[in-house]
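Please keep the sequence and the 3D view open while reading.

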Amino acid sequence: MKVIAIQLLSLFLLFVSGTVIPNPDKRNKSAELRLVSLSKTFESDFEIGAAVSNEKLSDPTTHKIVERHFSSITAENAMKPIMLLRKNGTYNWQAADKLVAFAKKNKMKVRGHTLLWHKQTPDWFFKDNKGKDLNKTQLYLKQYSHMKAVMEHFDSVDVWDVVNEAVSNQYNSDFIYRKKGSQWFKICGQQFVSKAFEMAHAISPKKKLFYNDYGLLSKHKQDKVFRLLKGLVDKGVPIHGIGIQAHWNIYNKAEDVEILIQRFASLGLDIHITELDVSVFKGNDQSKHRNYVFTKKDQTKQAEFYSDIFKIFRKYKDHISSVSFWGVRDNESWLNQHPVNGRRNYPLLFDDQGMPKESFYAIIQSTK
Ligand code: GLA
């Protein structure tokens, strides 16, 4: 009855003054949204961040969401070696500088991502002028000068993912390090990880230095990363934190997330959740799912998972200082191209139009 009365009043007002009263459901959500900010909701717990690019920020809707809801940003690509390095030895700072300026204007932190990675580093980085493979000493020197240039240029960045994804995913071996596709391993052997942390610390002793990786809910990979980091900590290598990428899905279990956090917290490392998204498909599902629609059931499943993991994050807030999403709006997510190009996914907190999803409200609600 009340709803019909509001709708009639709304129609009447529309005729007489052009004013529309939104329907009660939407009205509540938009009123709530005017007051709510993700980062403010968690401000006494941890930073809330998002990976962004200048292109994505040039969309006014994404721009507004980022300004309102995030207290930290990560450059989605702009600080990776392939984007910064020019073959003639000079640097292209433009895109990353623009992101840092955006963060500064909005008093946001910037996570530096990433100094050393087997991907998104140009092939020529590992070769000399004549195209011959560098030897270990030459490669360490080159990496040192790259890290020095980058860390000094982005002096306002306090946290760096020093090494990204150095650990192997292979189930048939307990060997820790990724061999396949890694020029680092090929040229320097396994010591390149500790060397990178030592170099970063020598360049900028005050910066927080992180190891960042994915697949950590798999017990096998988790064990390897744990062994790697425990080894570094025991040897006194200057490492301060682990970046848990957190590319998860609605079939993962929140209990496993808690075990993962407890385990790395036991090493005394600071924990950052660095690339959070919650896919609607299982990790190993590579089918196209052409007719998939984001069902109500999956929306709820995703919202429950987000709510559960945020409760866990808050429970361990003394160990977790930052939680970042890998993107802002569903239509912009990398998961629409990966692992199946063109397969729609819905992993983030804001829908294609930039409206907060059930998962967004579930996270806010999880604090109540
Ligand atoms: C990894 C990297 C990120 C990004 C994502 C996918 O997790 O650490 O920089 O490339 O893959 O977009």
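A cavity here is a set of grid points where a 1.4 Å probe fits but cannot get out. The model is a predicted one.

**Cavities**

Searching the whole structure gives two cavities of 30 Å³ or more. Their volumes and linings by class are as follows.

Which residues line the largest cavity? They are Ala51, Lys56, Glu76, Trp326, Gly327, Val328, Glu332, Ser333 and Trp334. The second largest cavity has a lining of Leu116, Trp117, His118, Asn164, Glu165, Ala166, Arg178, Ser182, Trp184 and Phe192.

**Helix pair**

Helix 12 spans residues 254–265, and helix 13 spans residues 296–315. Their axes come within 9 Å and cross at roughly 25 degrees. Angles under 35 degrees count as roughly parallel, so helix 12 is roughly parallel to helix 13. The crossing of helix 12 past helix 13 is right-handed.

Helix 12 brings Ala254, Val257, Glu258 and Ile261 to the contact. Helix 13 supplies Phe305, Asp308, Ile309, Ile312, Phe313 and Lys315. By class, this contact of helix 12 with helix 13 has seven nonpolar and three charged residues, and no polar ones.

Key
Residues are numbered from 1 along each chain as its sequence is written. This is a predicted model: local features need pLDDT of at least 70, side-chain atom pairs count only at pLDDT 80 or more; totals for chains, interfaces and linings use all residues. Side-chain values use heavy atoms; hydrogens and water are left out. Axes are lines fitted to C-alpha atoms, for helices over the stretch in contact, and angles run from 0 to 180 degrees between N-to-C directions. Helices (H or I, at least four residues) and strands (E, at least two) are DSSP runs, numbered from the N terminus. Angles under 35 degrees count as roughly parallel, over 145 as roughly antiparallel, 65 to 115 as roughly perpendicular and the rest as oblique. A crossing is left-handed if the near helix is turned anticlockwise from the far one by less than a right angle, and right-handed if clockwise. Contact means heavy atoms within 4.5 Å. Ala, Val, Leu, Ile, Met, Phe, Trp, Tyr, Cys and Pro count as nonpolar, Asp, Glu, Lys and Arg as charged, and the others, Gly among them, as polar. On a 1 Å grid over the protein atoms alone, a cavity is a set of points where a 1.4 Å probe fits but cannot get out, and a pocket is an open set with protein on both sides within 12 Å along at least five of seven lines; lining residues have an atom within 4 Å of a point. Grid points are joined across faces, edges and corners, and a volume is the space filled by probe spheres set on the points.
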